[in-house]
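Here is a friendly walk through one protein model, from its strands and helices to its charged pairs and its cores. Please keep the structure open as you read.

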Amino acid sequence: EISSIISPYKNQIKKLEKEIGYSNKSLSVRDGDLESTLGNFIADVLMKESDSLFNSITSQRIDFCLLNKGGVRGTLNKGRITHHNLINILPFENTSTVVKLTGKKILELLEYLNTENKAHPSSGIKIEFINDKINSVLIGGKKFDVKKKYYVLTSNYLQAGGDKMNFFTNPLELYSLNTNIREVLIDHISKIKIVEGKLDKRIVRLNE
């Protein structure tokens, strides 16, 4: 009787301990000023995996992705990667959400990043600050246009105004992709096997 009770939990533990991939180096959200190796990796994966799904639903493309540093709670250490590692890194049950924002709302987003001065994970956007001013912004490789509207990928928590990201609330359009962000990462790592992360100066601050 005891064995039958324990068995389901043993199977679950085995699943959590199963190797899904390998990292050639340790990735952290604390190894850069306004970007990080782990933040870049997570945002890039979520952007890649979500864009095709979003396109199949709307025939549109996601312009860029923004998550929050506080949602990433651990380090991806060098070596084997398991389900359990990803649960420690992304412990929350956040889901992928896309919002359509005006250029003015994007300006609020940029000012938030400027003021926060934290390495919030991002993908598809390149920002250069000079001192405390926004100097240049590229979205999808093109110069930011305040008159345009943009599709931004984030989490349901942030879309509701979490971490004071109020620019995500009341968007022009809202799409819940219903994909758990952690599970998207697990599935992606299971496919690619070898994880690489880098700093590429996607968000920088120059002091003059």
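## Ground rules

Helices and strands here are DSSP runs, numbered from the N terminus: a helix is a run of H or I with at least four residues, and a strand is a run of E with at least two. The model is predicted, so local features need pLDDT of at least 70 and side-chain atom pairs count only at pLDDT 80 or more, while totals for chains, interfaces and linings use all residues. Residues are numbered from 1 along each chain as its sequence is written, and side-chain values use heavy atoms, with hydrogens and water left out.

Let us start with Thr 75, which lies in the loop between β2 (64–66) and β3. Its relative accessibility is 30%, so Thr 75 counts as partly exposed; the scale runs from buried (under 20% relative accessible area) through partly exposed to exposed (over 50%), using a 1.4 Å probe and protein chains only. Leaving aside residues up to four places away in sequence, Thr 75 touches Leu 27, Ser 28, Arg 30, Leu 38 and Ile 89, where contact means heavy atoms within 4.5 Å. With Arg 30 there is also a side-chain to side-chain polar contact, at 3.3 Å. A polar contact is a pair of N or O atoms within 3.5 Å; within protein, one must be able to donate a hydrogen and the other to accept it, and residues adjacent in sequence count only if both atoms are side-chain atoms. Thr 75 and Met 47 are 28 residues apart in sequence, and their C-alpha atoms are 20 Å apart in space.

Thr 58 sits in helix α2 and is buried, with a relative accessible area of 18%. A polar atom of the Thr 58 side chain lies 2.9 Å from the backbone oxygen of Phe 54. Thr 82, in strand β3, is buried too, at 6% relative accessible area. Apart from residues up to four places away in sequence, Thr 82 touches Leu 16, Glu 17, Lys 18, Glu 19 and Ile 20.

## Charged pairs

How many salt bridges does the structure hold? There are 10, each defined as a side-chain nitrogen of Lys or Arg within 4 Å of a carboxyl oxygen of Asp or Glu. In one of them, the side chains of Arg 80 and Glu 19 meet at 3.3 Å, N to O. Arg 80 belongs to strand β3 (residues 79–82) and Glu 19 to strand β1 (residues 19–23), so this pair ties together parts that are 61 residues apart in sequence. Arg 80 is partly exposed at 46% relative accessibility, and Glu 19 is partly exposed at 41%.

Glu 116 and Lys 118 form another salt bridge, at 3.8 Å, N to O. Glu 116 is partly exposed at 25% relative accessibility, as is Lys 118 at 41%. The side chains of Arg 202 and Asp 200 meet at 2.8 Å, N to O. Here Arg 202 is buried at 9% relative accessibility, whereas Asp 200 is partly exposed at 30%. Salt bridges link Asp 44, Asp 200 and Arg 202 in a network.

## A mixed sheet

An open sheet of 4 strands runs in the order β8-β7-β6-β12, with mixed pairing; two strands pair if DSSP finds at least two bridges between them. Its edge strands, β8 (142–143) and β12 (203–206), each pair on one side only. Strand β6 (residues 125–130) and β12 run parallel, joined by 4 bridges. Across from Arg 205 in β12 stands Phe 129.

## Two cores

Which residues have the most contacts inside the largest nonpolar core? They are Leu 38, Phe 41, Ile 42 and Leu 185, in a core of 30 residues. A nonpolar core is a set of buried Ala, Val, Leu, Ile, Met, Phe, Trp, Tyr and Cys residues joined through side-chain atoms within 4.5 Å. At least two residues of this core come from each of α2 (37–58), α3 (83–89), β9 (149–155) and α6 (181–192). Helix α2 gives the largest share, 8 residues.

Phe 41 touches Leu 27, Leu 185, Ile 189, Ile 192, Val 195 and Glu 196, not counting residues up to four places away in sequence. A second, separate core has 23 residues, among them Phe 129, Val 137, Tyr 150 and Val 152.
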